[in-house]
Amino acid sequence: MTADRRSGGRAVGTVLLAVAALSASRPDRLTAQDSQFGIRSLGTPGRWESVRSRSTGGAFAPFDPLSPLAEAALADVPQLVATAMQAASYREAEVAGTTSALRETRYPLLNVTGRVHPRLAISAGYTTYLDRSWDVTLRDSVPLRGGLERYTDEVTSDGSIADLRVAAASRLTRRIAIGAGLHLLAGSTRETAERRFDDTTFHTVQQLAEVRYSGVGVSGSVLLGIAPGLTVIGWARADNRLRATVADTTSAETDLPRMAGGGILLAPSPSVRLGGSVAWRGWARAGGGAFDTWSWSAGGEIGSGHTPLRFGVRGGQLPFGPGPTAPTEFAAAAGTGRAFAQGRALLDVGVERLERRGGGLTERVWTALVGLTVRP
Amino acid sequence: MIARRATVIGGVLLAAACVERVSAPGHCPSFCPSGQIQTVDTVLTDVISRDSTYRGYVTAPHAPVILAADLPGFVEGRGIVRFNGYGARMRLGTTDTTTGAILSADSARLQLTVARRDTGAHNLTLAFYRLPITIDSTTTFADLAGPFTDSLVKRVNLDTLLARPGRKDTLTGDSVVVDTTNHVLVLHLKFDTAAARYMGTDSGTVAYGVGVSADSLASIGITKATLAWQWYVRVDSAGTPVARTPGSLGAAFASFVFNPPAPPLDSTLAVGGVPSARSILRVAFPRFIRDSSQIIRGTLILVPAAPVQGAPSDSFVVEAHTVFTDVGAKSPVIVDATRTDTAVIHAGVSDTVQIEVTNLMQFWASDTTRATTLVLRPKAEATSFSLIRFYPSAAQAFRPALHITFVRRFPFGAP
């Protein structure tokens, strides 16, 4: 009893520490890793994966109740669980022989999941739907008043669109579980446009706006236990339109994609789990320069003790790019986790190496991932 | 064990420490935002109307300088100044209240500052004439034709004086100091007994006129505020004349007269001259620029109807102001350095004048309740005979215009 109280106190302390650490940032930092491919488009789609899933290349995401991808996996959550993650990216963007070193820290996931009935589990939280944080500088000139006036432009966007999800799941039979979710898309970006002329006779242009975004979506999924140690899942999601408003005036409305995917999870032994997943997203609805995408992932987790080893790879296409075909990406990831406080707190860490190519641009990204899960 | 955990956790937190650097060079159009900053450059030829000119804001007696000029075909200007005296008697000492009659003046010394002259003028000569002490603001050039003909009391050649060792003429007692900081000449001129007569019946009041001549380009400005007159008098002290040097006197009246008088106003837009003229222009500021654009440069274009007359040193600065409210000639001008734009008007030049009015236009755009009225006036009014005349809006081919460079509203929120 005393030991339980002590460990419970540690868990509560860990939760408080986690909440303090992961919420001590501006709201616009609650975004995912960005990309130069997202500048001339709606943004960079987020990854709806916890650190554990992302360390397996995303292969476990459909089966992970803490990853807001497929709701059916929530059905097997035994108790209240809260998770959050942080991702620090170091990115090199190389285009036309010029390399830019970029870095950012994001808090792309917060999720609370619990069981409210023996046959019903619910979840609420947010993840990044689209990241719209970038800063572009440009040197150019324009003919003005009989001369060529040189200037420097800086256009920035800081913020993101979050996917606020409320989901529920139920295990119908020993082999079948289903889930559904309602998604509220909300967010804002602070955008600025500045032009400084070399000739100061021309005054500096400075414009800024707060752009607000809104939209809704629904999702559903089915989890099937094919055989002991073999599970498959299928999921689908439909979002309607993303409305952008500036000063209460709608500036743009963009169709959002339908998407679907599936996965397979194989557990030949209690200490070995292997998974794979595939997803299709119909981003071409979003307009010119957008593409429907396929993505895949495969990964595994070895070890059932306190420090499992995770690894995985993934690949596929990016929805936005300048050329006639969608840019591609490939990533390899690895990670591990550590349980504390008699398993009530889990610290997951991971690292991911990602490469994106398309339209003459190559991005190489190292991302350090830290996730904290609490089971009070 | 604890140390190892602490190391692991510390390493993880260090790797995930908050960092931010998202600025990158743009490679357009592929990797730039779809929206661009659009610059528009246009000349608005029909937005200025209801323009008019008014005169009389600053007259010769109220000008900060005395103008003297001899510019054949343009103007001849003469300075006039009066110094009031001490009366018929004065105290013999600072502690002695006893007074004595002022018998005569040994001499006097005039200090004057030449604030503006043309360095290209050779043999620049100042001629001083004794004038009636009744001169005032109503005195005209014609009224003083006689004294300026037959009452010469002193003549000083500035070039000769400047060329002397130490810039002093030991014979006449005149000297000059060149103030290179303020770019002025400070003259100390001695008036002998004949030139400076202390008349007790006039209370010691004297008046002089200043004429100027040169081989060419004879035009100067004398600062009124620094004029000083120093008497050296003899006072009767119990039957014995004693020398006394009372305190110096400032000018009781200082002005100038000129011929011909300022030409009457016509349909052109005049700025400058004496009495000073201002022009008022009403601008129909386009709503689409004011409401949804950002002005980055605005230039007022004015076409002179004739070259500006005068010596090169008569060049002056024209300021463009806006007003608190437009009530015509007496519209109160907003005098604010951040909302004042200027242009230098060079004498003898008839090129198109361009005045940058960016600050004013941005001011109008930021406060749409303001009257979009421009007032053109000289920076220092009535300090030059030169006057510029611009074509008015009624002259279709040469009417005032606004050259505006602006940026449209950036398409924020567009994918």
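Predicted model: local features only at pLDDT ≥ 70, side-chain atom pairs only at ≥ 80, totals over all residues.
Chain A is built from two helices and 18 strands. Its radius of gyration is 22 Å, close to the 21 Å from the globule rule for 376 residues, so chain A is as compact as a globular protein of that length.

**Chain A as a whole**
- Along its principal axes, the C-alpha trace of chain A spans about 85 × 45 × 40 Å.
- Of the 376 residues in chain A, 48% count as buried.
- Among contacts in chain A with a separation of 6 or more, 62% come from residues 24 or more positions apart.

**Where the chains meet**
- On the chain B side, 36 residues are in contact with 51 residues of chain A.
- Elements of chain B that give two or more residues to this side include α1 (2–15), β3 (39–44) and β28 (401–408).
- The residues on this side of chain B comprise 20 nonpolar, 10 polar and six charged ones.
- Strand β3 (residues 98–117) of chain A pairs with β1(B) in the antiparallel sense, over two bridges.
- If you look for E104(A), you will find that its bridge partner in β1(B) is E20(B).

- T189(A) sits in strand β7 (residues 176–197) of chain A.
- T189(A) counts as buried because it has 26 C-beta neighbours inside 10 Å, and the cut-off is 20 or more.
- Leaving aside residues up to four places away in sequence, T189(A) touches R132(A), S157(A), D158(A), G159(A) and V211(A).
- T83(A) is 106 residues from T189(A) along the chain, and their C-alpha atoms are separated by 25 Å.

Conventions
Residues numbered from 1 in each chain as written. Chains lettered and ligands numbered in written order. Contact = placed C-beta atoms within 7 Å. Helix = DSSP H or I, 4+ residues; strand = E, 2+ residues; numbered from the N terminus. Nonpolar A, V, L, I, M, F, W, Y, C, P; charged D, E, K, R; others polar. Pairing = 2+ DSSP bridges. Buried ≥ 20, exposed ≤ 12 C-beta atoms within 10 Å, placed from the backbone. Rg over C-alpha atoms; globule rule 2.2 N^0.38 Å.
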